[in-house]
Amino acid sequence: MITESPWSADEHDRALDRLAARENFPVAARLLPARHRAGLRAVYGFARLVDDIGDEAPKEQRAKLLGLVDDDLDRVFAGRTPNLPQLRRLARTVDVRRLPEEPFRDLIRANRQDQVVHRYETFADVTGYCALSAAPVGRIVLHLFGAHRPALERASDDVCTALQLIEHCQDAGEDYRNGRIYLPAEDLRRFGCAEEDLARPVTPTRLRGVLALEAGRAAGLLDRGAGPLMAELTGWARFAVAGYVAGGRAALAALERGRYDVLARPPRPRRAGLIAGWARTAGKRGSR
């Protein structure tokens with residue numbers, strides 16, 4: 001049973017910052033006020049714990065460990081003290097911000113699904129997975145900022161799905177080495193790709209076509225969700241969500257700039273471009 005953390009609180013935060021720096025968006029943005037930063041850290045810490053169990057724990061222990069997190073989540077929402085340090089931190093945020101339970105359960109469900117589903121036939125199948133693995137994070141973020149209206153949640157789902165699709169493109173080689181393919185099988189077949197193409201040192205032209213297709217779909221979802229969010233959100237909520245949107249756009253630009261060669265060296269956003277895009281997005285009024 002995992003009941004103690006090998007890190008102090010400061011070491012845990014620094015580790016989260018290093019992980020966030022490798023993502024497509026600044027989850028624990030340092031420019032946010034401390035009250036918002038603390039909430040985002042708690043949520044991101046929970047998400048990282050669940051993902052790390054689902055990806056890195058010994059395979060034969062993953063189901064049991066995810067069960068322990070589920071049990072601790074029961075304690076959080078029953079008002080009892082959880083065992084895991086990440087859940088103890090989360091409990092404070094859940095209590096203060098009155099966060100809903102279902103999105104956290106969905107993140108665990110996504111990782112349970114990862115243990116048994118390793119291929120997806122259609123794009124609809126992939127977005128169905130994203131509804132568990134990505135959309136819940138956006139919904140939690142809206143609750144953190146008190147902006148959880150249904151129309152904004154739907155827009156947030158689009159943005160978070162887009163961000164997950166972009167990561168599927170960036171990490172296609174790594175995912176394959178871990179035994180998973182998130183690129184739709186029907187699209188791979190349409191472009192004449194074999195699964196073994198994902199093991200090559202340089203991305204074949206046919207596979208780049210699939211990646212460009214998925215990136216284009218992600219761009220459409222990102223734009224569709226960003227409009228309502230930027231039209232409705234204000235204050236720190238707008239500032240934070242603009243970072244997610246800008247991160248996604250910067251990652252798409254990096255993929256295009258790298259000609260979708262994600263196997264030789266996965267393209268990542270340039271920091272300067274991301275910050276400039278964040279400023280543009282935060283300052284621009286969206287459309288409904």
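Let's start where α2 meets α4. On the α2 side, the contact residues (heavy atoms within 4.5 Å) are R35, H36, A38, G39, R41, A42, V43, G45, F46 and L49. On the α4 side, they are Q86, L87, R89, L90, T93 and R97. By class, that is seven nonpolar, five polar and four charged. Here Ala, Val, Leu, Ile, Met, Phe, Trp, Tyr, Cys and Pro count as nonpolar, Asp, Glu, Lys and Arg as charged, and the others, Gly among them, as polar.

A word on the source. This is a predicted model, where local features need pLDDT of at least 70, side-chain atom pairs count only at pLDDT 80 or more, and totals for chains, interfaces and linings use all residues. Residues are numbered from 1 along each chain as its sequence is written, and side-chain values use heavy atoms, with hydrogens and water left out.

Now the geometry. Helix α2 covers residues 34–56, and helix α4 covers residues 85–97. Their axes (lines fitted to C-alpha atoms over the stretch in contact, with angles from 0 to 180 degrees between N-to-C directions) are 9 Å apart, at an angle of about 135°. So α2 and α4 are oblique to each other. Oblique is what remains after under 35 degrees (roughly parallel), over 145 (roughly antiparallel) and 65 to 115 (roughly perpendicular).

Next, the whole chain. It has 13 helices and zero strands. Helices are DSSP runs of H or I, at least four residues; strands are E, at least two. Of the 288 residues, 53% are buried, meaning under 20% relative accessible area with a 1.4 Å probe, protein chains only. Among contacts with a separation of 6 or more, 71% join residues 24 or more positions apart.

Notes. Buried means under 20% relative accessible area, exposed over 50%, partly exposed in between (1.4 Å probe, protein chains only).
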